[in-house]
Amino acid sequence: MRNEFTSVLERDGDWYIAYSPEMPGANGQGRTEADALDSLREAIALILEDRRVDGLRGVPETAIRGKVTVE
């Protein structure tokens with residue numbers, strides 16, 4: 001599955017700070033632009049997984065589960 005999010009990079013001294021406006025709380029940092037984006041990518045993945053697990057709590061066992069792809 002492919003998801004795309006906006007990334008914003010800002011320089012802060014020797015570091016790059018990255019965040020995504022669509023994913024509040026997701027941010028990354030690194031000494032290079034690539035490192036900051038990798039860190040942001042990992043943060044977004046962790047948030048999505050946490051939301052997926054949290055969202056499925058309390059779903060009845062009898063409910064039909066499936067997948068939907070957004071492109």
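1. Basis. The model is predicted: local features need pLDDT of at least 70, side-chain atom pairs count only at pLDDT 80 or more, and totals for chains, interfaces and linings use all residues. Residues are numbered from 1 along each chain as its sequence is written, and side-chain values use heavy atoms, with hydrogens and water left out.

2. Fold. The protein chain has 1 helix and 3 strands. Their order from the N terminus is β-β-β-α. Both element types are DSSP runs numbered from the N terminus: helices are H or I with at least four residues, strands are E with at least two.

3. Shape. Along the principal axes, the C-alpha atoms fill a box of roughly 55 × 25 × 15 Å.

4. Burial. Of the 71 residues, 17% count as buried (under 20% relative accessible area, 1.4 Å probe, protein chains only).

5. Contacts. Take the contacts (heavy atoms within 4.5 Å) between residues at least 6 apart in sequence: 20% of them join residues at least 24 apart.

6. Strands. Strand 2 (residues 15-19) pairs with strand 3 in the antiparallel sense over 4 bridges. Pairing requires at least two DSSP bridges between the strands. Tyr 19 stands opposite Asn 27 in strand 3. Asn 27 belongs to the uncovered face of strand 3 (residues 27-30), with Gln 29. Gly 28 and Gly 30 form the covered face.

Note on methods. Buried < 20%, exposed > 50% of the residue type's maximum accessible area, 1.4 Å probe, protein only.
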